[in-house]
Amino acid sequence: MVTTALTDLWYGFGVALEPHNVMWCFIGVLVGNMVGVLPGMGPLATISILLPLTFGIPPVGAILMLAGVFYGSQYGGAICSILLNLPCHPPHAVTCLDGFPLTQQGRGGAALGVTVISSFVGASWGITEMIFLAPVLVTVALKFGPAEICSLMLLGLLAGSTLARGSPLKGVAMTVCGLLIGIVGSDIETGTPRFTFGIPNLFDGVEIVALALGLFGIAEFMKSVNQLSAVETKYTKISFKDLRPTKNELRRSWPAMFRGTLVGSLCALIPGTGPTIASFIAYATEKKISKSPDQFGTGMIEGVAGPEASTHSSVQGDFIPTMSLGIPGDAVMALILGALMIQGIVPGPQLISEHPDIFWGLIASFWIGNIILVVLNVPMIGLWVKLLTIPYKYLYPSALFFVCIGVYSTNNDMFQVGETILIGLLGYLLLLLDFHPAPILLGFVLGPRFEENFRRAMLISRGDSLVFIDIKNHPISAFFIFLCVVLILAQLYVRLRKPKALAQELAMNAETNPIAQAEP
Amino acid sequence: MFETQLKKRDFYAGGLMTLIGAAVTLDSTTYDVGTMTHMGPGMFPLILGIVLTIIGVLIFGTALATPLGPDESILPEQREWRGWACILAGPMLFILFGEFLGMAPATFVCVFVSALGDRTATVRGSAILALGITVFGVLLFSYILQLPFPIFRWGM
């Protein structure tokens with residue numbers, strides 16, 4: 001078992017170290033970092049905007065590049081949140097709490113240095129977890145029939161929508177909307193066009209790029225226009241030297257990093273608890289363990305190291321169900337899965353055996369990407385920091401151009417651009433009504449496979465809808481449904497019992513998270 | 001009494017979801033629903049439509065039961081009509097100019113118009129930005145990425 005995993009990993013390094021693949025990974029990290037550091041551009045917007053650029057690249061290169069973009073944009077976001085107190089990605093909201101005070105004390109560079117180390121430690125653990133867990137999961141998942149896959153997807157969708165930000169009910173509503181958008185187009189079995197309003201351009205369904213760029217591009221720009229004040233440039237003079245933490249800071253960071261990593265990897269095992277929740281728990285843990293909990297919020301390096309390590313280890317863990325089961329945990333993973341599908345690769349348990357180059361290449365490239373990230377950020381930090389000062393009024397018009405041309409380039413069709421504008425407008429309306437549109441993407445990506453397996457399961461069971469909870473013949477499916485029920489009951493319990501604690505958490509989110517509200 | 005309810009944001013959120021759910025439910029019956037064993041193309045949307053309607057009603061119901069929150073206005077405090085209009089107009093003009101005049105004019109007008117959405121934007125500043133992005137965009141997409149989109153064209 002261990003030896004096969006290691007030989008496979010060796011093979012993966014062979015794939016990822018091919019010169020052109022290293023190049024794609026490098027470009028991905030570079031561009032992702034560059035865009036991600038810009039204030040107001042979160043990883044979701046960054047990946048959506050760069051997604052169309054990967055269509056012309058072979059599948060392995062494309063996926064390596066996207067993973068690189070993801071890493072880069074995440075780290076770029078950390079720079080933005082520590083130096084400017086401007087979290088563009090929800091997990092970074094916690095990093096701001098102590099990261100920004102450190103910046104004010106002139107230790108922002110050290111905080112960034114610790115972030116680099118923490119993310120590397122967290123990610124490395126997550127990758128190791130993936131190497132050993134994913135193949136095990138696959139051997140189990142390959143035995144799943146349509147009923148099991150269906151119940152598992154239901155669990156994934158439910159977890160992804162209720163454990164994300166905001167009201168669980170609204171999250172489920174968004175997921176259902178996503179499933180409905182996934183239905184648009186010709187029916188797989190009969191070819192009947194559904195919800196196409198007679199428009200031939202919609203027969204192939206809604207384009208994922210149009211959906212993502214509408215929701216995370218146009219809608220976000222509408223929300224942020226004139227809302228982001230000019231950037232405070234006082235703290236943005238950081239050079240290579242400043243990145244080095246002092247011995248004392250390092251000594252305090254190490255244990256926090258390992259605790260954070262542990263928290264993150266545990267969170268990754270619970271479906272739906274993404275990096276945001278992991279970072280919150282890690283921060284709370286650090287605060288509880290610390291001898292001086294009242295010092296948190298005034299610039300404790302542990303408050304940066306713990307959450308950052310936990311974010312990265314849980315993000316890596318999120319790749320496990322995404323790659324081995326084809327079930328994404330959040331909108332970012334849904335986008336990466338969508339990119340795979342555009343390349344003509346069917347996600348699911350058969351991915352590892354059918355496309356070992358993609359799977360193991362991706363794993364190896366995680367490490368390579370992380371190393372590239374360190375190499376890029378340590379000497380070039382001064383340049384990244386300069387990017388922070390680009391005002392939003394120049395940013396969003398340029399980004400809109402990339403949105404337009406990106407959507408156009410997917411099919412060389414202007415209709416898609418119109419689709420994006422409409423989705424953007426609707427997305428903004430949803431934002432105004434306090435919906436978080438990220439689960440839409442989750443539902444959209446899973447929708448068609450969910451329907452297919454649902455219909456198949458019902459066909460096999462001869463129309464008996466109790467097949468999903470049939471303990472005798474489908475114990476695994478029944479177990480997943482049981483988990484779904486537990487999840488719903490737990491949500492109800494939390495809502496009814498602890499409205500006070502919840503209100504506090506929400507207030508904290510609102511306070512630290514001015515822009516990131518649209519993302520889970 | 002009723003007027004207080006009308007002020008709640010979730011009143012409209014729930015209403016919107018109920019409306020979409022009901023519309024989907026109604027529309028999906030126009031497709032072949034089939035039987036439970038042999039599901040037609042209408043069955044899955046029908047189920048989703050019903051689920052969405054129920055969730056919408058639940059959101060609606062929760063809104064009725066909870067007291068009025070401190071901030072229930074749907075539109076943000078500062079209404080950015082100019083910003084919103086410019087952001088939507090930019091891509092629309094991109095479609096129009098792209099279809100008839102080619103990539104370079106489309107890029108210029110898209111960036112120029114959307115840049116005007118910022119309160120502090122000037123015509124000159126927006127034009128310079130638009131010009132810069134146009135040059136960069138044409139270089140990247142036409143020359144490096146070879147996107148089949150003529151830089152200039154006349155008519156369809």
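User: What makes chain B count as divided into domain 1 and domain 2?

Analyst: In this predicted model, chain B is split into domain 1 (2-65) and domain 2 (81-144). Those bounds come from an automatic or database domain assignment, so that is what the label rests on. Taken over C-alpha atoms, the centres of domain 1 of chain B and domain 2 of chain B are 39 Å apart.

User: How do you know that chain B is in contact with chain A, and how many residues take part?

Analyst: Two residues are in contact if their C-beta atoms lie within 7 Å. By that test, 56 residues of chain B meet 50 residues of chain A. On the chain B side, the elements giving two or more residues are α2 (9-28), α3 (43-65), α4 (81-100), α5 (103-115) and α6 (123-144). Top contributor there is α4(B), with 11 residues.

User: Which residues of chain B does Ala173(A) touch?

Analyst: Leaving out residues up to four places away in sequence, Ala173(A) touches Met17(B), Leu52(B), Ile55(B), Gly56(B) and Ile59(B).

User: What makes a set of residues a nonpolar core?

Analyst: The members must be buried, of the listed nonpolar kinds, and joined through C-beta atoms within 7 Å. The largest such core here has 207 residues, and Ala173(A) and Leu211(A) are among those touching the most other members. Helix α4 (residues 59-84) of chain A gives the most to this core, 17 residues. Domain 1 (2-65) and domain 2 (81-144) of chain B each supply at least three.

Definitions and conventions
Residues numbered from 1 in each chain as written. Chains lettered and ligands numbered in written order. Predicted model: local features only at pLDDT ≥ 70, side-chain atom pairs only at ≥ 80, totals over all residues. Helix = DSSP H or I, 4+ residues; strand = E, 2+ residues; numbered from the N terminus. Buried ≥ 20, exposed ≤ 12 C-beta atoms within 10 Å, placed from the backbone.
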